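Subject: Structure for your files

Hello,

The structure is pasted below. My notes on it follow.

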Amino acid sequence: MNRRNKQLQALSAVQFALWELHLYLDTHPDDLQALSLHEKYEVKFAKLRAAYEEDYGPLTPVAGEGISWLKDPWPWDKDGGED
Amino acid sequence: MWCYEKKLQYPVSIKNPNAKLAQIIASQYGGPDGELGASLRYLSQRFTMPYPELKGLLTDIGTEELGHLEMVGAIIYQLTKGLSVEEIKKAGFDKYFVDHTAGVYPASASGVPFTAAYIQSKGDPITDLHENLAAEQKARTTYDNILRFTDDPDVADPIKFLREREIVHYQRFGEGLRLATDRLNAKNFYAFNPSFDKK
């Protein structure tokens, strides 16, 4: 696995935990333990996301990013595209 | 509105193309219990959903299903990339190929194009939630059946992830159904339709 994919995997793991907590909170909005866990992972995710975007370009389309948004690989490319 | 994220929810990286398997998995793209139907079902139902938790749940699960549609599309794309005409013929992929080349097209494994008849949006929370519970189980069975034909771990791994999501969504919709019935007439859940009848 190349460095990009390793970073993407670490980021996706934390994002997945956040998403699972988010869905759980839809039906358990008063669960304070889940809320605080969500806050904890949010901090972690922000750091991983910033580091990834710094190296490989934006994850979401933002104005002014220009060519870096258009850069390969796209998510459906095999092995995230070889580095 | 939506915001796209340039990544898959779970990685898909398949070394060996396999058009036969792609044709089977295509059912989860545009087949009767596929991810396209799932996302349209939940994202359409939410407009008349009266309860805040369920508006959120339908929006969130419907959105996640769009991410699953992208994953299934990536699996099909990678399984059909770089095949020769000979390999396409041998895999029985020629019937698909003649209409779509290697393009990803929403249809069932037997070639029936996607239709909205696969889904329901009934405008009644109890009815819609039961539709969704059934939909999650039908998709889970389909993934179980796909796994019967999958001996490539590169393919089985993301398929197992998608299968597990059906189970989690089923759980959340079950909780949603409980939240909805808690707000209805406990002696008769069907005494009125909270999406339509004034009470």
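The buried residues of H1(A) pack against H2 (32–56) of chain A and, from chain B, against H4 (52–79) and H8 (153–182). Buried means that 20 or more other C-beta atoms, placed from the backbone, lie within 10 Å of the residue's own. Those residues are A:Leu8, A:Leu11, A:Leu21, A:Leu23, A:Asp26 and A:Thr27.

This is a predicted model, in which local features need pLDDT of at least 70 and side-chain atom pairs count only at pLDDT 80 or more, while totals for chains, interfaces and linings use all residues. Residues are numbered from 1 along each chain as its sequence is written, with chains lettered from A and ligands numbered from 1 in the order in which they are written.

H1 of chain A covers residues 3–27. Helices are DSSP runs of H or I with at least four residues, strands are runs of E with at least two, and both are numbered from the N terminus. H1(A) and H2(A) pack at about 150°, with axes 9 Å apart; axes are lines fitted to C-alpha atoms over the stretch in contact, and angles run from 0 to 180 degrees between N-to-C directions. The two helices are therefore roughly antiparallel, the term for angles over 145 degrees.

Between the chains, the contact takes 16 residues from chain A and 23 residues from chain B, where contact means C-beta atoms, placed from the backbone, within 7 Å.

Chain B has 8 helices and 0 strands. Of its 199 residues, 39% count as buried.

Regards

How values were computed. The expected span of a helix is 1.5 Å times one less than its number of residues. A residue is buried if 20 or more other C-beta atoms lie within 10 Å of its own, exposed if 12 or fewer, and partly exposed in between; C-beta atoms are placed from the backbone. Two residues are in contact if their C-beta atoms, placed from the backbone, lie within 7 Å. Angles under 35 degrees count as roughly parallel, over 145 as roughly antiparallel, 65 to 115 as roughly perpendicular and the rest as oblique.
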